[in-house]
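Q: I'd like to learn how to read a fold from its contacts, strands and cores. Can we walk through one together?

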Amino acid sequence: MDSAKIRAPDADIITVVEFSEEKKKLNITSEHVPDALIVVKEGNAGRLIGKSGERINGIESDTKMKVRVVELKLDFKDIIRAVHLLPWVVKHVDNVDFQGNELVVRLKKESGGFIGQKGVNIRLVEYVIKQMFNVGVRVIQPSEENQS
C-alpha cells in the first residue's frame, strides 16, 4: 500500500495487511469490517490519519478500500477490535498473549459472537494475525479451562 507511505511519510508504518479477498472467501459483506489494516508504531496513528482525516481519506480514495489504523502495543485487543465483525465483542476478552507459536485469546465468558457462525469471525482475525506475526490464534472459553 504505497499510498500510505506517500500520503503519510512521517508516520512510522510497521506493516500493512490487506484482506479484502479473505473477506470475500468468508462471505463477509459488512461495511463495518475494513479491507486493510495499517499498523503503525505507538503514537503515530494521528500522523497517518492526518488533520480532519485527510490523509486516511486520501489513502482510502487511492486504494478504493476501507482502511483501519492500529498502533502496535502489547494489547492485542486493539487489533482484534479493528478487524472483528463485532468490535464490541472485545469486552468479553480477558487476556490476549503469545503462547509459543499461537496468540491465545482467553474469554471472560462464553461468546458465540466472538467465534461467529461457522467460525467466520475468528477465521478473519486469525488470517490477519497470521499475516502480521505468522502465528495462529487459539480461543479459550471459560468452560474449556474448567475441563482441564
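**Reading the model, feature by feature**

A: Contact here means heavy atoms within 4.5 Å. This is a predicted model, where local features need pLDDT of at least 70, side-chain atom pairs count only at pLDDT 80 or more, and totals for chains, interfaces and linings use all residues. Residues are numbered from 1 along each chain as its sequence is written, and side-chain values use heavy atoms, with hydrogens and water left out.

Q: Is Asn44 buried or exposed?

A: Buried means under 20% relative accessible area, exposed over 50%, and partly exposed in between (1.4 Å probe, protein chains only). Asn44 counts as buried because its relative accessibility is 8%. You'll find Asn44 in the loop between strand 2 and helix 3 (45–49).

Q: How do I read the sheet, and what is its strand order?

A: Helices (H or I, at least four residues) and strands (E, at least two) are DSSP runs, numbered from the N terminus. Two strands pair if DSSP finds at least two bridges between them. Here you get an open sheet of three strands in the order 1-2-3, with mixed pairing. Strand 1 (13–18) and strand 3 (67–72) are the edge strands, each pairing on one side only. From one strand to the next, the twist averages 20 degrees.

Q: In which sense do strand 2 and strand 3 pair?

A: Strand 2 (residues 36–41) pairs with strand 3 in the parallel sense, over six bridges. As a spot check, look at Lys41: its bridge partner in strand 3 is Leu72.

Q: Which strands does helix 4 lie across?

A: For angles, axes are lines fitted to C-alpha atoms, for helices over the stretch in contact, and the values run from 0 to 180 degrees between N-to-C directions. Helix 4 (residues 54–63) lies across strand 2 and strand 3, at about 130 degrees to strand 3. Helix 7 (residues 120–133) packs on the sheet too, touching strand 1, strand 2 and strand 3, and its direction makes about 140 degrees with that of strand 1.

Q: Now the cores. Which residues of the largest nonpolar core touch the most other members?

A: A nonpolar core is a set of buried Ala, Val, Leu, Ile, Met, Phe, Trp, Tyr and Cys residues joined through side-chain atoms within 4.5 Å. The largest one has 31 residues, and Phe19, Leu37, Val105 and Phe114 touch the most other members. Helix 7 gives the largest share of this core, seven residues. Domain 1 (1–72) and domain 2 (88–147) both contribute residues, so this core lies between them. Those domain bounds come from an automatic or database domain assignment. Apart from it lies another core, of 14 residues, among them Ala8, Ile38, Leu48 and Met65.

Q: How far apart are the C-alpha centres of domain 1 and domain 2?

A: They lie 23 Å apart. The contact takes 12 residues from domain 1 and eight residues from domain 2.

Q: And where is Val83?

A: Val83 sits in helix 5. At 0% relative accessibility, Val83 counts as buried. Leaving aside neighbours within four places in sequence, Val83 is in contact with Phe19, Val33, Pro34, Leu37, Arg68, Leu124, Val125 and Val128.
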